[in-house]
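Me: I would like to go through the labels used for this structure and ask what stands behind each of them. Please set each value against its cut-off.

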Amino acid sequence: MAKEGAQRAEETEQMIEKEGGKEGGEGSLRAGDAKEMRAVVLSAFGGLNKLRVSKKAMPEPQEGELKIRVKACGLNFIDLMVRQGNIDNPPKTPLVPGFECSGIVEALGDSVKGFEIGDRVMAFVNYNAWAEVVCTPVEFVYKIPDDMSFPEAAAFPMNFVTAYMMLFEVANLREGMSVLVHSAGGGVGQAVAQLCSTVPNVTVFGTASSFKHEAIKDSVTHLFDRNADYVQEVKRISTDGVDIVLDCLCGENTGKGLSLLKPLGTYILYGSSNMVTGETKSFFSFAKSWWQVEKVNPIKLYEENKVIAGFSLLNLLFKQNRGGLIKGVMDKLLNLYTNKKIKPVVDSLWALEEVKEAMQRIHDRGNIGKLILDVEKAPTPLVS
């Protein structure tokens, strides 16, 4: 084991030396400049022009932290909301966005156990993920299975943990139940569909843009256009409605979701993408979305035997200190992956310098699965 660890450490050092000697465009590392790194920096809240790739001081691990040489980073819809400042209590800018990544362990802080230099890992990070190097507490780091690629690993934590927690921890999905999930072609939507397939006789209703239907039609039972009257379509198939509604849209979809719940059904809000209508934060869109939200009456919930819930993985991890709970969920998910029951869907790979184009693709809802920032990828040349 010690010999293997030393060999991995040597390979890691060779990789670092190789990357450190690269020459290229804006923000590339100079040979021997080992204390600096490239990172995506958000200079202020606003549009895509607030993002740039810059050099930053390389972080070093504090007690209980791992230092990771990043290979790939996940890009999520919440990152668009962060860029706009469209979240509660946003941190001060400038900042490095990103909440998940995969890579190779480069150094261990004091008191870190269970990992060695050279280990292939994926991790949650409380911001700062979109960089060549990150440091994060050991409780947020997980080893990658041998047959999982770095892009797949960067696409795994946020999507699958969110989907698993909502289905099994909050809504208690069981055999024979039915689920409605919006944005069925996105990263979480595809994770939900895969996890539902691990339970017998679960019916999955999904909404997605029509151009995605051919690609994802086999992953859900019934698929509807996101702009169609899906409430009537669902009720036509299932008169009583559904057992679980997973809503990442908010706005008018809240009332629609609640109306579709069967008795003892559970509605879970885990996002509010309807608030993002343009490149920058819009007070009008924010107000319109919340104005359309069904005003929840507890007495009505009591009379109709319905459950309404919310789920935020980032708050659970970084504000409510439930890292141990998430570790148990990750163990179950990695077991499902090893047994080939689930597999992350990667839409496309983008260089750090292409983060603006990648964000626009998410904003346009053009992705099927997860968009990944590939730290080692060179930007695609523009075709004249």
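Reply: Helices (H or I, at least four residues) and strands (E, at least two) are DSSP runs, numbered from the N terminus. By that numbering, Pro 94 falls in the loop between α2 (77–84) and β4 (100–108). The model is predicted, so local features need pLDDT of at least 70 and side-chain atom pairs count only at pLDDT 80 or more, while totals for chains, interfaces and linings use all residues. Residues are numbered from 1 along each chain as its sequence is written, and side-chain values use heavy atoms, with hydrogens and water left out.

Me: What is the peptide bond from Thr 93 to Pro 94, cis or trans?
Reply: The bond from Thr 93 to Pro 94 is cis, its omega being near 0°. Most peptide bonds are trans, and most residues other than glycine have a negative phi.

Me: Which value of phi does Lys 340 have?
Reply: Lys 340 is not a glycine, yet its phi is positive, near 60°. Lys 340 belongs to the loop between α12 and β14 (346–350). Arg 365, also not a glycine, has a positive phi of about 55°, and it lies in the loop between α13 (355–363) and β15 (370–374).

Me: Why does Lys 340 count as exposed?
Reply: The cut-offs are under 20% relative accessible area for buried, over 50% for exposed, and partly exposed in between (1.4 Å probe, protein chains only). Lys 340 has 68% relative accessibility, so it counts as exposed. Arg 365 has a relative accessible area of 17% and is therefore buried.

Me: How many aromatic pairs are there, and why is the pair of Phe 156 and Tyr 337 called edge-to-face?
Reply: A search of the whole structure finds seven aromatic pairs. Rings of Phe, Tyr and Trp (its six-membered ring) pair if their centres lie within 6.5 Å; planes under 30 degrees apart count as stacked, over 60 as edge-to-face, and the rest as tilted. For Phe 156 and Tyr 337 the centres are 6.3 Å apart and the planes stand at 85°, so this pair is edge-to-face.

Me: What does that pair tie together?
Reply: Phe 156 is in the loop between α3 (150–154) and α4 (157–170), and Tyr 337 is in helix α12 (residues 323–338), so the pair ties together parts 181 residues apart in sequence. Phe 156, at 0% relative accessibility, is buried; Tyr 337, at 5%, is buried too. Ring pairs also join Phe 156, Phe 160 and Tyr 337 into a cluster.

Me: What makes the pair of Tyr 164 and Phe 168 tilted?
Reply: Its angle between the planes is 40°, with 4.7 Å centre to centre. Both residues lie in helix α4, four residues apart, about one turn of the helix. Tyr 164 is buried at 10% relative accessibility, and Phe 168 is partly exposed at 22%.

Me: Which charged end sits over the ring of Phe 150?
Reply: That of Arg 120, 4.8 Å from the ring centre. The rule asks for NZ of Lys or CZ of Arg within 6 Å of the ring centre and within 35 degrees of the ring normal. Lys 143 likewise has its charged end over the ring of Phe 115, 5.6 Å from the centre.
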